[in-house]
Amino acid sequence: MIERIAFVAYYQKQNIYSFNALIGAIETDDDLTDIKIYFVRGKENLFRELVTIKKEHQIVILGISFFTTQLWEINTLVKALRKKYSNQIIIIAGGPHPTGDPLRTLKMGFDIVVIGEGEETLRDLLKKVNENAIFDNVKGIAYLNSEKKYHYTGKRKLIDLDLYPPFPIKNSQFGAIEITRGCPYVCYFCQTPYILGTQPRHRSIKSICKYIEIMKKENLTDIRFITPNAFSYGSINGKIVNISKMEELLTNARTIIGRSGRIFFGSFPSEVRPEHVTKETLGLILDYANNDNIIIGAQSGSQKILDLCHRDHTIEDVINAVDLTVNFGLKINVDFIFGLPNESEEDIKLTINLMNTLTAKGAKIHTHAFIPLPQTPFAEKKITPIHEEIKKVVNNLNTRGLAFGDWKKQEKIALKISKYLRQAKVE
């Protein structure tokens with residue numbers, strides 16, 4: 001028997017959390033229970049499985065979420081899909097890059113771009129497809145009309161996290177629980193506030209605990225959280241720390257999973273702001289969590305550069321965070337971004353000095369190269385090669401086990417992205 005609609009999630013490592021939220025939202029809609037969901041990893045598997053999926057369904061919708069760093073990989077994939085299937089499948093794009101650059105994403109060969117948060121938009125879109133109805137009144141999407149002109153249906157209201165699960169339960173794709181969405185700091189190199197808003201929205205403790213209990217029943221007791229800043233949980237504005245709300249969250253989580261379970265708070269896949277590292281916040285980690293490290297963002301050793309990036313913290317905040325964390329017996333990984341716009345020789349020296357100071361105190365440096373991203377204030381800033389002195393210092397730290405990261409790979413892709421953001425199409 002041929003079924004009506006298949007939704008295929010191109011389930012890549014970099015985009016798992018995004019699809020977990022989207023599929024979780026689809027599962028909870030009673031009008032979409034007849035849509036069959038497929039999770040497919042890898043290009044070869046996608047082409048192989050699409051053959052069968054297409055035979056078994058009247059309509060096949062392929063969802064692809066991607067970052068700007070994945071642009072050329074996805075461009076090649078979509079071209080190959082169009083060559084094989086032409087317009088026989090509907091291909092939808094979403095995620096950071098399509099949201100920031102929807103027109104050129106459509107020109108790559110996508111039928112529709114979901115702009116911003118996708119939970120409600122994707123559900124509404126699937127209903128229209130299922131009803132054979134036009135979708136031009138679905139908020140939050142962009143497409144090329146019959147005259148190949150760009151059309152955006154308008155911005156959708158930001159969602160309430162409590163209304164949707166953080167992962168698919170029926171399809172058993174459990175994972176990290178998103179507890180906060182949105183960031184008030186508006187760093188000029190980061191897409192997060194431009195996509196998800198500047199007002200933090202917190203999932204309630206009741207909702208979080210509901211999904212921890214579900215995971216516990218599946219014997220999954222390693223609990224990780226997705227948040228732009230773990231120490232902002234419960235904060236009314238994301239800037240004033242709410243110790244009591246964080247402790248309430250961690251106490252309840254620990255009660256559910258017991259002492260044999262593990263809680264990771266302030267470590268991968270999230271991080272914390274340096275100025276929010278205090279005796280009180282670190283005490284919560286020691287009392288309730290199992291991670292032996294936290295991640296903070298320093299980004300530069302120059303206060304001038306931090307201010308130009310709109311970071312809203314000081315160099316002293318970074319140093320204090322490292323001192324406190326090490327004194328509490330925890331490890332600390334500190335993010336630095338090399339090649340940030342407007343760096344001078346003096347700024348580079350200050351960054352080198354800060355990295356040396358922090359590693360001498362016991363920190364590790366997580367190295368990044370500046371990558372321009374669409375929709376951000378730094379999108380069209382000039383890319384400059386990473387300074388030779390930075391390379392020399394980082395290589396030395398690497399050999400001593402004091403630095404890690406993909407800055408070399410990022411530096412290469414940054415040049416390619418910079419060129420792309422200044423031209424009309426993907427080559």
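Two strands are said to pair if DSSP finds at least two bridges between them. Helices (H or I, at least four residues) and strands (E, at least two) are DSSP runs, numbered from the N terminus. The model is predicted, so local features need pLDDT of at least 70 and side-chain atom pairs count only at pLDDT 80 or more, while totals for chains, interfaces and linings use all residues. Residues are numbered from 1 along each chain as its sequence is written, and side-chain values use heavy atoms, with hydrogens and water left out.

Another open sheet has four strands, ordered 13-14-15-16 and paired in parallel. Strand 13 (293–299) and strand 16 (403–405) stand at the edges with a single partner strand each, so one side of each is left without a neighbour in the sheet. From one strand to the next, the twist averages 30°. Three bridges join strand 15 (residues 364–369) to strand 16 in the parallel sense, and His-366 has Phe-404 in strand 16 as its bridge partner.

Two helices lie across strands of this sheet. Helix 12 (residues 315–327) lies across strand 13 and strand 14 (331–338), at about 155° to strand 14. Helix 13 (residues 345–361) lies across strand 14 and strand 15, and runs at about 170° to strand 14. Here axes are lines fitted to C-alpha atoms, for helices over the stretch in contact (heavy atoms within 4.5 Å), and angles run from 0 to 180 degrees between N-to-C directions.

The interior can be described through its nonpolar cores, sets of buried Ala, Val, Leu, Ile, Met, Phe, Trp, Tyr and Cys residues joined through side-chain atoms within 4.5 Å. Buried means under 20% relative accessible area, with a 1.4 Å probe and protein chains only. The largest nonpolar core has 61 residues, and among those touching the most other members are Ile-177, Phe-265 and Ile-296. Helix 8 (residues 205–217) gives the most to this core, with seven residues. A second, separate core of 48 residues includes Leu-50, Ile-89, Ile-371 and Phe-378.

Leaving aside neighbours within four places in sequence, Ile-296 is in contact with residues including Val-272, Val-318, Ala-321 and Val-334.

Notes. Buried < 20%, exposed > 50% of the residue type's maximum accessible area, 1.4 Å probe, protein only.
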